[in-house]
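Hi there,

Here is the structure I promised to pass on to you.

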Amino acid sequence: MRVEQLAAVWIHSDGLNPEEITDLLGVRHSSTGPGDAWVLEPPAADEAASLDDQIAAVINPLRVVADKLSELAEKGAEVELLLTRSLLGPGVGMLCFMLDSTVIKFLADVGGSVWFDEYDETTEESAMRTPPPA
């Protein structure tokens, strides 16, 4: 089984584009997302890192600008911690991650939210062939 996972911070703002958000925060985004979202992802070398380590990699650079993130949220911007995990192939074991109190407090302080996006692609094919219970 292969697991693909990623932690990222997304900021959506109707009034600011990603470059303006970068200028305001002083933190460079790594990419942009749909709707002109500002996106911060872990460095490419960290793709094999645990989800815990990836969360730290995207949250830690933003801790020093928590007040600016709060201002963005108060003005209507959405600050999201996006957690994506895809389970590919047989042999899924127990996978977990933890949002510790410092991450939860940080998100609460900046008016952020958490988005869990998980895909189990190991059972899709068998689920299509298995009739529902009678």
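Below is what I found, from the overall fold down to single residues.

First, some ground rules. This is a predicted model, in which local features need pLDDT of at least 70 and side-chain atom pairs count only at pLDDT 80 or more, while totals for chains, interfaces and linings use all residues. Residues are numbered from 1 along each chain as its sequence is written, and side-chain values use heavy atoms, with hydrogens and water left out.

**The overall picture**

The protein has five helices and five strands; these are DSSP runs numbered from the N terminus, with helices (H or I) of at least four residues and strands (E) of at least two. Along the sequence they follow the pattern β-α-β-β-α-α-β-α-β-α. Of the 134 residues, 34% are buried. Here buried means under 20% relative accessible area, exposed means over 50%, and partly exposed is in between (1.4 Å probe, protein chains only). The accessible surface comes to about 8000 Å², and carbon and sulfur atoms account for 55% of that; the areas come from the Shrake-Rupley method with a 1.4 Å probe, and for residues only the protein chains shown count as cover. If we take contacts between residues at least 6 apart in sequence, 70% of them join residues at least 24 apart, where contact means heavy atoms within 4.5 Å.

**Two helix pairs**

Two packed helices are described by the angle between their axes and the distance between the axes. The axes are lines fitted to C-alpha atoms, for helices over the stretch in contact, and angles run from 0 to 180 degrees between N-to-C directions.

Helix H1 (residues 18-25) packs with helix H3 (residues 66-74) at an angle of about 140°, and their axes are 9 Å apart. H1 and H3 are therefore oblique to each other: angles under 35 degrees count as roughly parallel, over 145 as roughly antiparallel, 65 to 115 as roughly perpendicular, and the rest as oblique. Ile21, Leu24 and Leu25 of H1 meet Lys68, Leu69 and Leu72 of H3 in this contact. Those residues divide into five nonpolar, no polar and one charged. In this count Ala, Val, Leu, Ile, Met, Phe, Trp, Tyr, Cys and Pro are nonpolar, Asp, Glu, Lys and Arg are charged, and the others, Gly among them, are polar.

The second pair is helix H2 (residues 51-63) with helix H4 (residues 101-109), whose axes come within 11 Å and cross at roughly 50°. H2 and H4 are therefore also oblique to each other. Their crossing is left-handed, meaning that the near helix is turned anticlockwise from the far one by less than a right angle (clockwise would be right-handed). On the H2 side the contact is made by Ile55, Ile59, Leu62 and Arg63, and on the H4 side by Thr102, Val103 and Phe106. The residues of this contact divide into five nonpolar, one polar and one charged.

**Residues to look up**

Ser13 sits in the loop between strand E1 (2-12) and H1, and is buried at a relative accessible area of 16%. Not counting residues up to four places away in sequence, Ser13 touches Ile21 and Ala77. Its C-alpha is 7.2 Å from that of Ala37, 24 residues away in sequence.

Ala77 is in the loop between H3 and E4 and is buried too, at 9% relative accessibility. With residues up to four places away left out, Ala77 touches Ile11, His12, Ser13 and Leu72. Ala77 and Gly15 are 62 residues apart in sequence, with 8.3 Å between their C-alpha atoms.

Beyond its neighbours within four places in sequence, Glu80 is in contact with Ala8, Val9, Trp10, His12, Ser113 and Trp115.

Asp36 lies in the loop between strand E2 (31-33) and strand E3 (37-40). Asp36 has a positive phi of about 60° although it is not a glycine, and at 42% relative accessibility it counts as partly exposed.

Finally, Ala108 in helix H4 is exposed, with a relative accessible area of 57%. The C-alpha atoms of Ala108 and Ser70 are separated by 9.2 Å, and the two residues are 38 apart along the chain.
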